[in-house]
Amino acid sequence: MDSALLLEKSILVAILTLITLGIAMYSTYGERKVAAFMQDRIGPNRAGKFGLLQPLADGGKLFFKEEFIPVQAEKWLFILGPAVAMVTATITSAVIPWGTEIPMFGRNVQLQVADVNIGVLYIMGVVSVGVYGIMIGGWASNNKYSLFGAIRASAQMISYELSMGLALIAVIMMSGTLSLREIVAQQSGMNWNIFYQPIGFILFFVSALAECNRAPFDLPECETELIGGYHTEYSSMKLGFYLFSEYVNMFVSSALMVTLYFGGYNFPGMSYISDPTFLGIAQVAVMFAKVFFFIFVFIWIRWTLPRFRYDQLMHLGWKTMIPLALANMVVTGAVILLFGN
Amino acid sequence: MSTPESYIPILIQLAFSIGFVALALYLSQLLGPKKKTKQKLEVFECGIESQGDARFPVSVKYFLSAILFVLFDVEVIFFYPYAVNFRELGWEGFVAVLTFVGFFLAGFIYVWKKGALEWER
């Protein structure tokens, strides 16, 4: 790997990380504004115009708050927990293609950090590590509420990882590759996977909600039972990381849903655009427009549906999603073999 | 087509995000006030005095679902290589995988009938 490419990738990583953090910050703003709209309130409107500076104020406030570690807690694991949650959340986006390529400074810059042929497996792997962030933090707090939150979170996340993995198999059978770049390339124009895999998409979407600990599956932090759940003992930026990683995960899983089922950066009429610079920009814009729509859906669901009960949650995960995902996989295989492509 | 070199950007991203996390943790530790009192450093327990610590056994159900996850996740991972080579393997491969799905289901139904997935009791 030559140094120019290394520099290019480093800049791409820096931009992607900044965009990820920016989107996560403004998702909190979006969440509060949407919630306010749905509940007939105004929402944040003091910091800046329309309250647009509110996320910055919140971030700054988290930095200047006192940070303390309870005496009973395991100090290093207590610090490690939120760090793991945040790191795993931000590195998932490495394999997602945001566009094909864009000519810049005489080079064709690939709009994807790492084009590896095991993209889907990489994401599944990193998502699995994400469970540790919550588990370590909740256990290390040495608080009963945190422990219950952490145990609930890990049981829930591993249960829904199964159905997520099974739902993805049908997509992989259709595309015959684990590389996200190729999966997107195969969905050119309007040939999106959602038209062939509606059930697979619904399974994946529900699993993604549960993986992100989002309502209606936000039992790990359900405030009426567990105060704050796994982050009860956290303060300052460590608390910020837990809250933040939830929004980063939301952004990444929206991007993943768009990539796998909604054609990624593809849009109808893409082949008529000949200018490569404009094409690259248009692809990124379309990709992000789709991602923002799914982030909105996440928020919309949170403020619409009530929380599940824990046994209902586990029943849905094990007794409904897994058999359904298995059936979806078998039917997909049979249909492809019977009717060709 | 992808070589060991194509994983370098992932390492760059990992280094970048570890750097960001470490910096932010250090800064917040540096910037915040430090007025520690004995009460503040106790674990939170709804305002009453905390009783003991959180090192106690919890319901075995959680452990059971973790064990079942390990079992079934390994089986799910076995489907991935098949799914990638699905078209080349054709009907023959499909029938072979159907028997594997049968084994998966046999285990799953056994677990279900044994009541390992019941959370009400």
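Reply: Just after helix 1 of chain A, Asp40(A) takes a positive phi of about 60°. This is a predicted model, in which local features need pLDDT of at least 70, side-chain atom pairs count only at pLDDT 80 or more, and totals for chains, interfaces and linings use all residues. Residues are numbered from 1 along each chain as its sequence is written, while chains are lettered from A and ligands numbered from 1 in the order in which they are written.

Me: What makes residues 3-38 of chain A a helix, and why does the span agree?

Reply: Helices are DSSP runs of H or I with at least four residues, numbered from the N terminus; helix 1 of chain A has 36 residues. The expected span is 1.5 Å times one less than the number of residues.

Me: Which residues of helix 1 of chain A are called buried?

Reply: A residue is buried if 20 or more other C-beta atoms, placed from the backbone, lie within 10 Å of its own. Among those in helix 1 of chain A that qualify are Leu12(A), Leu16(A), Ile23(A) and Tyr29(A). Their cover includes helix 9 (236-261) of chain A and helix 1 (8-31) of chain B.

Me: How many residues of chain A are in contact with chain B?

Reply: Contact requires C-beta atoms, placed from the backbone, within 7 Å. By that rule, 65 residues of chain A are in contact with 55 residues of chain B. Helix 5 of chain A gives the largest share of chain A's side, 14 residues.

Note on methods:
Helix = DSSP H or I, 4+ residues; strand = E, 2+ residues; numbered from the N terminus. Buried ≥ 20, exposed ≤ 12 C-beta atoms within 10 Å, placed from the backbone. Contact = placed C-beta atoms within 7 Å.
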